[in-house]
Amino acid sequence: MENNSIDLLTGLKKSSRQIAEKVICGDRITPEEGLLLFEEGEPGFLGMLADSVRQRLSGDQVFYIRNFHIEPTNICVNKCRFCSYSHHFSPKKWNYSVDEMLEMVKKQDPEAREVHITGAVHPDKDIYYFAGLFSKIKELRPSIHIKALSAVEIDYLTKKAKMNFQQGLKFLQSSGLDSIPGGGAEILDDPLRDKICPTKSTSKAWLEIHETAHRMGITSNATMLYGHIESYSHRIGHMLQIRDLQDKTRGFNAFIPLKFKSGNNELSGVRETNLLEDMRNYAVARIFLDNIPHLKGYWPATGKAIAQLSLSFGVDDLDGTISDSTRIYSLAGSIERNPSMTVSEMEELIRQAKRVPVERNSLYQPVG
Ligand code: V47
Ligand code: SF4
């Protein structure tokens, strides 16, 4: 009999059945096996495997947080080809003052536990400006968790201040920074980065910043921008580097696949991935990244219905209530023009998927 023949009992190829056995036993899959899942995995099969990993890690719980964003500016020294948000492509241009941002904080939900602050890399802003912003936010709302500055922003700010990553992060931490978001990772492959974001931080810098943060007790997330000009091998290579770093530090809270949205940017000619591809991507991420506790379905980017469906493909975290405070995805064509969810809407969406909603803090501890 041929080596990769169909097993009559399961209907699976031998290679797929072997991977399934590994995943169900909690064993790690290899990059080659990850690639095979991307190339040959049928959606129902991938969903079942991803679900077994999610169930092992989170049971029936689906997490969310009361949060909002601040995007200080969209004026950017970079010109990433997939970006619709920066002043190079957006019809709007903004650069808020610290006072304006403090006013935003005052107006936001008093029960919000987290503010996510990230934006473009403005040529005139420095590390002292952000340190001042963070400390003033903490004066206003001492208990709020500040998740701020992607590794790309940290790279720029620390270099400008002639600090190394540890010095820069220590200074920001002492000013109120609590954790760092996962942005700027895109695909951690420099030849590919040269094509889609040529002036952005290197893969090495992104990984070093996260590693340094983790060693200082600052946790973070990791994103992956997929569905543009990358291949499945690029995606696996990206996730392998995240998995390897997580083995060393255990500092990543969540992995966040970000589907490329083609509205109004230099890659607008690229056709967006379809729904099955998006679900395949969530599932393979959940199966491959066995050491990352949470997989986030970022609904302002995907829309609520797709986020709900992703709960059957490994996702156990729906980010948060957002409160109409981010523009990154609406400017790129997301159906969520003014993303906002009430707590009851969020909980209903999770219950409809037969899961248990759990309000969390930024460190994924249940609250409320
Ligand atoms: O790095 C920009 C992506 C990221 C587009 O850590 C695009 O909790 C798709 O990192 N199509 C920034 N994606 C956002 C980000 C993030 C979002 C939500 C939660 C967290 C977290 C982090 O947005 C960028 C880039 O990968 N992005 N333009 C676009 N047209
Ligand atoms: Fe600037 Fe970020 Fe847009 Fe790149 S993705 S151009 S760094 S705002």
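**Around the ligands**

Visitor: Which residues are around ligand 2?
Guide: A residue is near a molecule if one of its heavy atoms lies within 4 Å of it, and for ligand 2 these residues are Cys76, Asn78, Cys80, Phe82, Cys83, Tyr85, Ser86, Ala120 and Lys200. This is a predicted model, in which local features need pLDDT of at least 70, side-chain atom pairs count only at pLDDT 80 or more, and totals for chains, interfaces and linings use all residues. Residues are numbered from 1 along each chain as its sequence is written, chains are lettered from A and ligands numbered from 1 in the order in which they are written, and side-chain values use heavy atoms, with hydrogens and water left out.

Visitor: How many residues of each class does the shell around ligand 2 have?
Guide: Ala, Val, Leu, Ile, Met, Phe, Trp, Tyr, Cys and Pro count as nonpolar, Asp, Glu, Lys and Arg as charged, and the others, Gly among them, as polar; by that scheme the shell around ligand 2 has 6 nonpolar, 2 polar and 1 charged residues.

Visitor: Which residues come nearest to ligand 1?
Guide: Of the 22 residues around ligand 1, those are Phe82, Lys147, Gly184, Glu186 and Lys296, and the shell divides into 9 nonpolar, 8 polar and 5 charged residues.

Visitor: What lies 2.4 Å from an oxygen atom of ligand 1?
Guide: A polar contact is a pair of N or O atoms within 3.5 Å, and here a polar side-chain atom of Glu186 lies at that distance of 2.4 Å from the ligand 1 oxygen, while a polar side-chain atom of Asn221 lies 3.0 Å from an oxygen atom of ligand 1.

Key. A polar contact is a pair of N or O atoms within 3.5 Å; within protein, one must be able to donate a hydrogen and the other to accept it, and residues adjacent in sequence count only if both atoms are side-chain atoms.
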